[in-house]
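Let's take a walk through this one together. Have a look at the picture first, and then we'll go through it piece by piece.

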Amino acid sequence: MIPIILVLLLALVLFGAGFALKALWWIAIIVLVFWLLGFLFRSTGTGGRRGRWYRW
């Protein structure tokens, strides 16, 4: 009985980790798209020059 519970718990943990990693990949892709859009459509500064593409 205990080995069956351990196998089911292991399957549940691996499924949860796989789902979380897949969700993190989608979040990373969305953030990358927003970053690229911000890089492409950044505003112009004084004198018509484009500002730095980074904020720090």
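How many of the 39 residues of H1 are buried? The number is zero, so the helix lies largely in the open. Keep in mind that what you're looking at is a predicted model.

Now for the overall layout. The chain has one helix and zero strands, and that helix, H1, runs over residues 2-40. From its first C-alpha to its last, H1 reaches 57 Å, which is close to the 57 Å expected at 1.5 Å a residue.

Next, the nonpolar side of things. Trp26, Ile29, Ile30, Val33, Phe34, Leu37, Phe39, Leu40 and Phe41 make a nonpolar surface patch of about 960 Å². Take Ile30, one of those residues: you'll find Ile30 in helix H1. Its relative accessible area is 45%, so Ile30 counts as partly exposed.

Definitions and conventions
Residues are numbered from 1 along each chain as its sequence is written. This is a predicted model: local features need pLDDT of at least 70, side-chain atom pairs count only at pLDDT 80 or more; totals for chains, interfaces and linings use all residues. Side-chain values use heavy atoms; hydrogens and water are left out. Helices (H or I, at least four residues) and strands (E, at least two) are DSSP runs, numbered from the N terminus. The expected span of a helix is 1.5 Å times one less than its number of residues. Buried means under 20% relative accessible area, exposed over 50%, partly exposed in between (1.4 Å probe, protein chains only). Patches are made of residues with over 30% relative accessible area and no salt bridge: like charges are joined within 9 Å, nonpolar side chains (Val, Leu, Ile, Met, Phe, Trp, Tyr) within 5 Å. Accessible areas come from the Shrake-Rupley method with a 1.4 Å probe; for residues, only the protein chains shown count as cover. A salt bridge is a side-chain nitrogen of Lys or Arg within 4 Å of a carboxyl oxygen of Asp or Glu.
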